[in-house]
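Please read the notes below alongside the sequence and the structure.

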Amino acid sequence: MASTAAGKQRIPKVAKVKNKAPAEVQITAEQLLREAKERELELLPPPPKQKITDEEELNDYKLKKRKGFEDNIRKNRTVISNWIKYAQWEESLKEIQRARSIYERALDVDHRNITLWLKYAEMEMKNRQVNHARNIWDRAITILPRVNQFWYKYTYMEEMVGNVAGCRQVFERWMEWEPDEQAWHSYINFELRYKEVDKARTIYERFVMVHPEVKNWIKYARFEEKHGYIAHSRKVYERAVEFFGEEHVEENLFVAFAKFEETQKEFERVRVIYKYALDRIPKSQAQELFKYYTMFEKKFGDRRGIEDVIVSKRRFQYEEEVKANPHNYDAWFDYLRLVENDADADTVREVYERAIANIPPIQEKRHWKRYIYLWINYGLYEELEVKDPERTRQVYQACLDLIPHKKFTFAKIWLLFAQFEIRQKSLQAARKIMGTAIGKCPKNKLLKGYIELELQLREFDRCRKLYEKYLEFSPENCTTWIKFAELETILGDTERARAIFELAIGQPRLDMPEVLWKSYIDFEIEQEEFENTRNLYKRLLQRTQHVKVWISYAKFELSIEGPDRLQRCRQTFEEANKSMRSCEEKEERLMLLESWRDFEKEFGTDSSMERVRKLLPEKVKKRRKLTAEDGSDAGWEEYYDYIFPEDAANQPNLKLLAMAKMWKRQQAVGEDAPEKALSAEEAASKSSDKSSESSPEEEEESNKNTEAETEQQEVYDDRDDDNSSSSSSSSSESDSEEEKEDGEKQDKKKEEEKDGESKSEDEEKD
């Protein structure tokens with residue numbers, strides 16, 4: 001009642017939809033029905049149970065049901081499920097004949113329906129109608145012989161009823177169709193259940209011919225082994241190896257064969273099988289074979305056998321690598337290292353010949369650098385391992401004939417060839433080789449090697465000639481000049497060594513002149529020719545004013561024992577300081593003064609220390625404008641500058657200071673002193689002009705436009721920011737000294753103003 005009342009509830013009116021456009025998500029009627037079915041919104045009551053009390057009522061029920069089934073079949077004959085339901089209903093009423101008739105009618109409609117045949121035969125077997133069932137299975141396997149399910153059911157039924165001969169006959173009929181492997185295994189297992197081993201062997205013989213696969217041969221051999229027929233099993237394995245031959249062989253067959261022999265304690269046969277297989281199976285397909293071979297050798301082999309396995313495995317890997325890329329010289333090196341340790345000389349030579357046959361395709365030295373070591377290793381192997389000097393000579397000669405010497409060469413090959421000939425006590429041949437090398441392709445390394453060779457042989461005249469040739473070939477090489485001079489020094493010919501040094505420093509082009517000069521100076525110092533050394537320093541300083549040369553000169557003067565050594569050293573520092581006043585590199589000048597200060601600290605007096613201290617520069621922070629590559633403004637950059645007291649050009653900008661003081665005076669005096677301000681401004685400008693005369697850089701800046709001048713004025717140093725930071729280095733001085741310096745500055749300014757006024761008067765007169 002509650003549901004009825006709920007159904008009669010008043011449904012509220014739905015508002016009219018103004019927007020009649022289709023919704024984004026569309027719902028179909030099929031979806032609505034599916035959701036209703038899932039939610040079971042419409043629950044149908046179950047049909048009422050009907051109780052049949054008499055036969056007439058039962059017949060009416062049967063008639064009604066049969067009529068319904070027949071109507072369904074009449075509507076759609078092809079729906080086999082209707083036929084099966086009809087037959088099963090008749091079977092449930094024990095109407096076997098009627099059910100059989102329905103199945104036959106259904107088979108007339110669709111005789112290829114597997115389910116129909118299975119249901120028909122199962123009905124007959126269920127009702128113990130064996131002959132009828134046998135008849136149905138015969139018809140089914142005749143019509144559909146490729147349906148394995150029929151055969152399985154048929155053989156199972158025959159075996160269950162105890163008809164072994166009939167079951168075997170069915171299997172034989174089945175095998176004529178050459179079914180899949182599982183069918184053969186079922187037949188074999190059937191025979192084994194009845195202890196018919198010979199018949200099972202016959203079936204295996206037919207089976208491996210129908211399905212000639214490695215796994216089936218292995219199963220056949222294991223079958224023989226399981227039943228104790230060892231000779232038969234070995235024969236099966238041998239037949240399998242012959243059957244597949246060398247083209248279609250697989251590693252699994254040999255692994256199984258080897259394991260079989262291993263169980264029979266035939267270890268030599270196992271080893272032969274593994275080696276036979278490894279020689280015939282491609283290396284990429286023999287991974288498992290290597291694995292089992294290694295395990296076998298570890299269990300039953302000796303140390304030599306285990307090493308052979310490992311070497312064989314690595315050799316196969318290298319063969320694959322060099323086959324994939326013949327120009328992979330690193331793989332060839334590894335391969336050759338392996339075979340050199342294990343194989344005989346002929347095998348190693350064969351691998352070497354294969355390796356050197358892979359000439360780099362491009363005649364560029366960087367492509368030949370790795371390749372040339374194959375030849376070097378080949379020659380060393382022939383000389384040291386095989387001890388065949390004639391073949392070694394042929395290897396080196398073939399290598400030299402192969403290298404394109406007009407484009408590039410390898411000095412290492414020439415030197416190794418010459419050293420080999422010396423080891424063979426053939427000095428003339430070695431010299432001929434080196435002479436050919438220098439004539440064909442002179443190189444620094446070749447000439448150095450030849451000179452070292454002659455030095456070891458103590459042939460000094462030849463060394464001199466070679467050095468001369470070397471210097472003709474490369475006169476700018478300072479190292480060669482130095483070595484040549486050292487040779488003459490060792491031989492005791494100092495005049496010749498000095499002449500060589502003189503020739504060297506007279507060359508117009510040198511790669512390391514500073515090293516050469518240092519060697520020459522050290523040579524003169526060793527010979528204790530101090531006057532020559534002093535002259536050398538002066539000659540060097542005429543060429544370069546480098547600070548390190550001055551410092552070295554001063555140290556040299558200090559190192560000479562004598563009463564005036566300190567005076568000479570101090571004089572050197574003073575000359576250096578004077579000459580470096582015009583040097584743009586202020587750091588170098590500072591380095592010189594610091595070195596001078598250290599000298600005075602160790603050897604000088606307080607007055608000399610004070611003098612050097614006053615020469616030390618002042619470190620100030622400045623700012624300069626940066627310009628980008630395209631000429632645009634890139635901002636400002638801060639940097640540190642050094643201002644030397646004795647350098648007037650590096651004094652702070654007096655013009656800016658004068659203008660600042662003028663502005664301060666104007667503030668103090670007021671409007672009554674415009675003329676004084678103008679005169680002060682003129683005096684300041686003239687004094688700045690004077691200072692610019694002392695500095696060419698500031699004179700150049702004064703000729704620029706007004707904008708550049710204002711930018712230059714913005715360059716500041718820390719001393720102008722406040723009175724307390726006037727000097728970073730003189731912060732420890734007393735107040736009296738600061739006042740004294742201010743007075744000196746004012747006096748200097750007044751003198752400059754007077755000079756400016758006198759100049760202006762002279763100009764007016766002109």
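The points below go from the whole chain to single sites.

1. Overall make-up. The model is predicted, not experimental. The protein has 39 helices and 2 strands. Of its 766 residues, 35% count as buried. Its accessible surface comes to about 48,700 Å², and carbon and sulfur atoms account for 49% of that area. Taking contacts between residues at least 6 apart in sequence, 49% join residues at least 24 apart.

2. R66. This arginine lies in helix α3, which spans residues 55–75. Is R66 buried or exposed? R66 has a relative accessible area of 15%, so it is buried, the limit being under 20%. Setting aside neighbours within four places in sequence, R66 is in contact with Y86, W89, E90, E95 and R98.

3. D54 sits in the loop between α2 (29–39) and α3. With a relative accessible area of 39%, D54 is partly exposed.

4. V161 belongs to the loop between α8 (148–160) and α9 (164–175). V161 is partly exposed, at 45% relative accessible area.

5. Positive phi at two loop residues. R128 has phi near 60°, a positive value in a residue other than glycine. It is found in the loop between α6 (114–126) and α7 (130–143). K195 also has a positive phi near 60° and is likewise not glycine. The loop that holds K195 runs between α10 (181–193) and α11 (197–210). Relative accessible area is 73% for R128 and 71% for K195. Both residues count as exposed because the threshold is over 50%.

6. I362. This residue is placed in the loop between α19 (345–356) and α20 (365–368). At 39% relative accessibility, I362 counts as partly exposed. Beyond neighbours within four places in sequence, I362 is in contact with H367 and W368.

7. Salt bridge K153–E122. The count of salt bridges comes to 31. One of them joins K153 and E122, with the closest N and O atoms 3.7 Å apart. The pair links distant parts of the chain, as K153 is in helix α8 and E122 in helix α6, 31 residues apart. Relative accessibility is 31% for K153 and 30% for E122, and each is partly exposed.

8. Salt bridge E224–R201. The side chains of E224 and R201 meet in a salt bridge at 2.7 Å, N to O. Which parts does the pair tie together? E224 lies in helix α12 (residues 214–226) and R201 in helix α11, so the bridge ties together parts that are 23 residues apart in sequence. Both E224 and R201 are buried.

9. The side chains of E382 and R391 form a salt bridge, 3.1 Å from N to O. E382 is buried, with a relative accessible area of 0%, whereas R391 is partly exposed at 25%. Salt bridges with shared partners join D346, R349, E353, E382, D388 and R391 into one network.

Note on methods:
Residues are numbered from 1 along each chain as its sequence is written. This is a predicted model: local features need pLDDT of at least 70, side-chain atom pairs count only at pLDDT 80 or more; totals for chains, interfaces and linings use all residues. Side-chain values use heavy atoms; hydrogens and water are left out. Helices (H or I, at least four residues) and strands (E, at least two) are DSSP runs, numbered from the N terminus. Buried means under 20% relative accessible area, exposed over 50%, partly exposed in between (1.4 Å probe, protein chains only). Contact means heavy atoms within 4.5 Å. Accessible areas come from the Shrake-Rupley method with a 1.4 Å probe; for residues, only the protein chains shown count as cover. A salt bridge is a side-chain nitrogen of Lys or Arg within 4 Å of a carboxyl oxygen of Asp or Glu.
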